[in-house]
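Dear colleague,

I am passing on the structure below, together with some notes on what turned up when I went through it. Please read the notes with the structure open beside you.

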Amino acid sequence: MSGAEHGPPGGGERPEGPDRSEEPVGSIEGEPDTAPRPAPSGARPPGGPLQVWPGIAGAAVAAAAATWLLDLFLIAAAALAVAVAASYLAAVAAPRALPPAFAAAARDAEPPLIRGAVMVLSPVLGVACGLAVAAVADLWLIEPVSYALGGLAGGAAAPVLHRGLTRDLALAMAAVGTAVVLAVLATAAVLVATGVDPLFAFAEMLAHGTRPDSLVNIVNNASTLYLSAVAVAIGFRMRLFNIGVDGQYRLAALAAAAVGGAVALPPVLHQAVIIATAVAVGGLWAGLAGFLKVARGVSEVISTIMLNAIATGITAYLLSTDRLAVEIGVNNIGTSPIPASGWVPSVPMDFMGSRVDMFGLVLLAAAVGAGYWWLLERTRFGFDLRATGQSPTAAQASGVDVKRMVLLAMVISGMVAGLVGMPQLLGDSHYYALDFPAGLGFIGIAIALLGRNHPVGIALAALFWGFLDQASLVLDFRGIPKEMAVVTQATVVLTVVVVYEVVHRWGRRYEQQQVGKELGRAEVAA
């Protein structure tokens, strides 16, 4: 989550120039300038691998041993949390009392707010990593061994995160974490006002949401939400608000289902034709909004909203028994079922006790996320796209065709949007019907904002959203309105925007102060 990705719907990064932070600013009477330099944005603490990795290995082994010992007296999860936090504090919080391998992880050159955010985030994320590893290992191994492995993973992750969290990433994660805490508190207040014990409600949601079947459903739902959010995020990085993802993916799913049900091809080719159809239709539909913007200056917000309505009308017109639909079950119609050669096999999850299989196209969502990161961060096209999003006039002055970039960004966003319905279509339903999931495009906007347009942040936000959707299903059986989850989701999105803006303003003010200090040193040296 880049710190330059601030405020909706932005998310671009400013083009980076050469790093001057290590160059001497000047000297007085020939003496070297020994004044401490502030750590540049994104800087990591000093220390090479030969210094750092032995210390990290020691922290991991200590956490594993402590987890095993504490498991004799505490609940396994609590033992792991205490062990990981203790090993982290011993290795990082008090580095002067330990060997240089640990001391290399100190971040004394950074401002107190950054150090505080890192000191809180690193053990929390380390504990989360350890618990995840322990939960998976517990499916095969006995509890003491699985949680000792979790302690090993968490003990290694915490100091690695301490060193690896950049200033911008630490601030962004702290903002999201603060927003989640505020949202939980707001939801608890609403529950108390309605006469419901919030601890009971949260405990029931946690118990239901961590069942094997629920975990698989969360991953399945998160895969579609992730694709939707990435489609939105591509537009955000260009400062384009693609509200039309909902219409783009539904129209693409309808066309792909119709083509898939009408042809008979070998398995791999059949699946490729279906996915290619969805990508082409989604890109074409989003390209219309891009063309209207570059050719006639029509706001993409207005055009995509109108195209959503048109897409709804087209799908309603085509999804009738006189055209593309056939009778499916009772009171339901849909396209002709796709033959088995066009299905993407699901991944059996029997080993973890789940009766639900994981969509095979979850891997497609992961590949799209990796491609999104590579395209924007490691290619010239991505640099031009981000530069255009930051300042179209500056990008144009440097030789970038701004209109072309706008059109391509909308087309690529639509192509990704076309994939949103594929996990459900090829992994479960195998036809497009009246009950095909709708509204995923609008949820993608919220998840892109929550994930700050970063592929990893979006993945975590999609999983969090999927968890709330799945965990809230148990509330109706306990006499609690399941809309409480919607309150939490809405509050998270609202608070993360507000909190991140506050954090961003602080970061910008801090950068200005550091620039002022550097200029002052340069003037004195001159």
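This is a predicted model: local features need pLDDT of at least 70, side-chain atom pairs count only at pLDDT 80 or more; totals for chains, interfaces and linings use all residues.

On the H7 side the contact is made by Met 205, Leu 206, His 208 and Gly 209, and on the H18 side by Phe 467, Leu 468, Gln 470 and Ala 471.

**Salt bridges**

Seven salt bridges are counted in the model, and three of them are described here. Helix H7 takes part in one of these, because Glu 204 lies in H7 while Arg 478 lies in the loop between H18 and helix H19 (484–525), so that the pair ties together parts that are 274 residues apart in sequence. The closest N and O atoms of Arg 478 and Glu 204 are 2.8 Å apart, and Arg 478 counts as partly exposed, at 39% relative accessibility.

The next pair lies within one helix: Arg 250 and Asp 246 meet in a salt bridge with an N to O distance of 3.1 Å, and, being four residues apart in helix H9 (residues 245–262), they are separated by about one helical turn. Arg 250 counts as buried at 12% relative accessibility, and Asp 246 is buried as well, with a relative accessible area of 5%.

Arg 380 and Asp 384 also form a salt bridge, with their closest N and O atoms 3.1 Å apart, and these residues are four apart in helix H13 (residues 380–390), which means that about one helical turn separates them. Here Arg 380 is exposed, with a relative accessible area of 60%, whereas Asp 384 is buried, at 13%.

**A nonpolar patch on the surface**

A nonpolar patch on the surface, with about 950 Å² of accessible area together, includes Val 61, Trp 140, Val 145 and Phe 351 among its residues. Helix H4 (112–137) and helix H5 (143–164) are the elements that give two or more residues to the patch, and H5 gives the most, with three. Val 145 lies in H5 and counts as partly exposed, at 38% relative accessibility.

**The chain as a whole**

The secondary structure comes to 19 helices and two strands, and of the 526 residues of the chain 48% count as buried. The accessible surface comes to about 24,200 Å², of which 69% belongs to carbon and sulfur atoms. Among contacts between residues at least 6 apart in sequence, 76% join residues at least 24 apart.

With best wishes

Conventions:
Residues are numbered from 1 along each chain as its sequence is written. Side-chain values use heavy atoms; hydrogens and water are left out. Patches are made of residues with over 30% relative accessible area and no salt bridge: like charges are joined within 9 Å, nonpolar side chains (Val, Leu, Ile, Met, Phe, Trp, Tyr) within 5 Å. Accessible areas come from the Shrake-Rupley method with a 1.4 Å probe; for residues, only the protein chains shown count as cover. A salt bridge is a side-chain nitrogen of Lys or Arg within 4 Å of a carboxyl oxygen of Asp or Glu. Buried means under 20% relative accessible area, exposed over 50%, partly exposed in between (1.4 Å probe, protein chains only). Contact means heavy atoms within 4.5 Å.
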